[in-house]
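Morning, everyone. I'll take you on a quick tour of one structure. Please look at the screen.

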Amino acid sequence: RAMTKDNHLLGRFELSGIPPAPRGVPKIDVSFDIDANGILHVTAQDQSSGRSSDICITNEKGRLSKADIERMVAEAEQFKQTDETQRERVAARNQLENYAFSVRSAVSDGASKLDNGEVEKVKTAAQEVLDWLDRSQLAEKDEIEHKMGELQQTCSPVMAKLHGTNAKSASGPSDGPKVEEVD
């Protein structure tokens with residue numbers, strides 16, 4: 001299932017020694033393999049450092065009975081739509097949070113190209129969205145998407161200026177080459 005709270009803990013392992021990096025930069029490959037004997041092998045490897053860790057989980061006595069497994073599979077099927085909605089909500093939330101962090105970082109890094117008022121406008125808008133996300137843990141996907149639209153509307157002209165493009169030309173006609181279709 002999509003949410004950790006809906007799953008059953010089978011084992012625990014830790015992948016440590018990952019060097020500090022900005023949010024979203026570490027790349028960790030996780031693989032799950034079940035062999036013919038029903039033994040689960042889980043491996044995680046950090047791509048930058050090459051560090052890896054793994055765990056082998058056997059179906060020991062006291063774990064899950066056949067009936068427990070069948071019940072959990074039936075629950076997963078029953079809540080499939082709810083889980084998909086939750087997954088979409090979390091994805092929208094993560095996208096908004098990542099966008100807010102990235103525009104805030106971009107204007108901080110490129111502050112010399114912008115007016116102080118523009119820098120503050122974007123930083124304030126990004127911080128307001130991040131604060132809203134903290135207060136609105138249960139916000140629905142459409143609410144989150146609405147906030148994303150508001151933030152993009154506020155930040156797009158400043159980001160376009162930062163990256164050296166005219167905000168109007170990005171969405172409207174340009175003075176560049178024109179392509180005509182010929183039959």
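Start with the largest pocket, which has a volume of about 990 Å³. Keep in mind that this is a predicted model.

How do we find a pocket at all? Rolling a probe the size of a water molecule over the atoms shows where empty space is left.

Now, what lines the largest pocket? The lining is made up of 29 residues. Nearest the centre lie His8, Leu10, Leu40, Leu64 and Met72. By type, the lining residues split into 15 nonpolar, 7 polar and 7 charged.

Which elements supply the lining? β1, β2, β3 and α1 each give at least two residues. Helix α1 covers residues 66-78. The largest share comes from α1, with 7 residues.

Next, the strands. Strand β1 runs over residues 28-34 and pairs with β2 in the antiparallel sense, over 7 bridges. Pick out Asp29: its bridge partner in β2 is Gln45. β1 and β2 form a hairpin, with 5 residues between them. In that turn, Gly38 has a positive phi of about 80°.

On to the next pair. β2 and β3 are also antiparallel, over 6 bridges. Strand β3 spans residues 52-57. Here Val42 has Ile55 as its bridge partner in β3. These two strands form a hairpin too, with 5 residues between them. The glycine to find in this turn is Gly50, with a positive phi of about 80°.

Stay with β2, residues 40-46. Which way do its side chains point? They alternate. Leu40, Val42, Ala44 and Asp46 point to one face and are buried. Remember Leu40 from the pocket: it is one of the residues nearest the centre.

Now two single residues. First up is Asp83, in helix α2, residues 80-109. Is Asp83 buried or exposed? Its relative accessible area is 7%, and the cut-off for buried is under 20%, so Asp83 counts as buried. What does Asp83 touch, leaving aside neighbours within four places in sequence? It is in contact with Arg1, Ala2 and Asp6.

Then Asn7, which sits in the segment before β1. Asn7 has a relative accessible area of 40%, so it is partly exposed: that class lies between 20% and 50%. How far is Asn7 from Met72? In sequence, they are 65 residues apart. In space, C-alpha to C-alpha, they are 8.7 Å apart. And Met72 is among the residues nearest the centre of the largest pocket.

That's the tour. Thank you.

Key. Residues are numbered from 1 along each chain as its sequence is written. This is a predicted model: local features need pLDDT of at least 70, side-chain atom pairs count only at pLDDT 80 or more; totals for chains, interfaces and linings use all residues. Side-chain values use heavy atoms; hydrogens and water are left out. Helices (H or I, at least four residues) and strands (E, at least two) are DSSP runs, numbered from the N terminus. Buried means under 20% relative accessible area, exposed over 50%, partly exposed in between (1.4 Å probe, protein chains only). Contact means heavy atoms within 4.5 Å. Two strands pair if DSSP finds at least two bridges between them. On a 1 Å grid over the protein atoms alone, a cavity is a set of points where a 1.4 Å probe fits but cannot get out, and a pocket is an open set with protein on both sides within 12 Å along at least five of seven lines; lining residues have an atom within 4 Å of a point. Grid points are joined across faces, edges and corners, and a volume is the space filled by probe spheres set on the points. Ala, Val, Leu, Ile, Met, Phe, Trp, Tyr, Cys and Pro count as nonpolar, Asp, Glu, Lys and Arg as charged, and the others, Gly among them, as polar.
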